[in-house]
Amino acid sequence: MKKKILVAGGTGYIGSHTTVELQNAGYEVVIIDDLSNSNIEVLDGIEKITGVRPIFIQLDLKDKEGTRKALAANPGIEGVILFAASKAVGESVKQPLKYYRNNITTLINILELMPEFNMKGIVFSSSCTVYGQPDPQNLPVTEEAPIKPALSPYGNTKQINEEIIHDTIHANAPFKSIILRYFNPIGAHPSAEIGELPNGVPQNLIPYLTQTAIGIRKELSVFGDDYNTPDGSCIRDYINVVDLAKAHVIAMDRMLNTNNEKIEIFNLGTGKGVSVLELIHTFEEATGVKVPYRIVGRREGDIEKVWANPAKANKVLGWTAQESLADTLKSAWNWQVKLREGGIQ
């Protein structure tokens, strides 16, 4: 019998790609999502890729009683992967209460309900933002790097959520957790059946870039060219979303099938820092499409430079990022072209 996994936020960008990889690995998936930043048509894409349509429940996970009923109606869920969260740094600076309410309440509800339904583990979607701006001696960033004061409410919610998980498990919770600290997920599934499709104006770089390249947006804003980096723009570690999704399957396998520690943390990145301007130029070279952009002022909450040391994930999980930056950017462009062909502007 297939093991059943709850993917909270499973119609979102990373959640949908992870659902595909879970189903390909033989898991049965139940998705709960309120569709606040995703689209129901994502389920069609998942089904086209895998041949299986996951169980879907439209629900706001802040509704604890509604969540309890949804879990009772789908017995036998062994693990949960928690993606459901508001996730834009800039927006979080402007709307902090939205971020604290969404991101923290959702986690607490899930943790309180897990023992009630005998769930064995939670994979938590965290972020490299917990490291703040690492000191030069801590680049590339290992899991042992100091947790710095958050530069945005979004980053702070990830720090707080990690602390909540630690405290809950320390209090002898009857489940385990693996915390995955992502660097910057980009790209789309190679089939172009699913990809990043935020509702409204994109808050993330790549969908804004591809929408600009195809003519939906006038130009891409690059926030600052006066940082202490080779070309003055911020440096990030851009990881292919399918590579990232596969790490979640490995983490879930590890939690359910091995006698590992009750809580583990892994950085997920490529180990290579790429600047925003480098990324734009790589996209142009990979696709042959020009991207109009202009330099604007720095954005509050942005970190100057951060990239991963993924050695622990490479060694312990046996996971490595496989896809090149050029191929990943091509996949994002192919997804954008597919959206245009489908009449989505």
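In what follows, a residue is called buried when its relative accessible area is under 20%, exposed when that area is over 50%, and partly exposed in between. With that rule in hand, we may turn to the structure shown above, which is a predicted model.

Asparagine 118 has a relative accessibility of 62%, so it counts as exposed. This asparagine is found in the loop between H5 and E5. Its backbone also deserves a remark: phi of asparagine 118 is near 55°, a positive value in a residue other than glycine.

Asparagine 172 is placed in the loop between H6 and strand E6, which covers residues 176–182. Although asparagine 172 is not a glycine, its phi is positive, at about 65°. Because its relative accessibility is 65%, asparagine 172 counts as exposed.

One further point concerns the backbone. Which kind of peptide bond joins leucine 139 and proline 140? The bond is cis, with omega at about -5°. Proline 140 belongs to the loop between E5 and H6.

I now turn to the protein as a whole. Its secondary structure consists of 11 helices and 13 strands. The C-alpha trace spans about 50 × 45 × 40 Å along the principal axes. For 345 residues, a compact globule would have a radius of gyration near 20 Å, and the protein, with 19 Å, agrees with this. Of those 345 residues, 54% count as buried. As for contacts between residues at least 6 apart in sequence, 80% of them join residues at least 24 apart.

Helix H5 comprises residues 96–113, that is, 18 residues. From its first C-alpha to its last it reaches 26 Å, close to the 26 Å expected at 1.5 Å a residue. In general, an α-helix has 3.6 residues a turn, so residues three or four places apart point the same way. The buried residues of H5 include Tyr99, Asn102, Asn103, Thr106, Asn109, Ile110 and Leu113. Against what do the buried residues of H5 pack? Their partners are strands E1 (4–8), E4 (77–82) and E5 (121–127), together with helices H3 (64–72), H4 (89–94) and H6 (153–170).

Next, the aromatic side chains. How many aromatic pairs does the structure hold? It holds one. The pair consists of phenylalanine 283 and tryptophan 333, in an edge-to-face arrangement with 5.8 Å from centre to centre and 85° between the planes. Phenylalanine 283 lies in helix H9 (residues 276–287) and tryptophan 333 in helix H11 (residues 325–341), so the pair ties together parts that are 50 residues apart in sequence.

Finally, two arginines are placed over tyrosine rings. Arginine 298 has its charged end over the ring of tyrosine 227, 3.9 Å from the centre of that ring. Arginine 217 lies over the face of tyrosine 208, at 5.7 Å from the ring centre.

That concludes the presentation.

Methods:
Residues numbered from 1 in each chain as written. Predicted model: local features only at pLDDT ≥ 70, side-chain atom pairs only at ≥ 80, totals over all residues. Heavy atoms only, no water. Phe/Tyr/Trp six-rings, centres within 6.5 Å; stacked < 30°, edge-to-face > 60°. Helix = DSSP H or I, 4+ residues; strand = E, 2+ residues; numbered from the N terminus. Lys NZ or Arg CZ within 6 Å of the ring centre and 35° of its normal. Rg over C-alpha atoms; globule rule 2.2 N^0.38 Å. Buried < 20%, exposed > 50% of the residue type's maximum accessible area, 1.4 Å probe, protein only. Contact = heavy atoms within 4.5 Å. Expected span 1.5 Å × (residues − 1).
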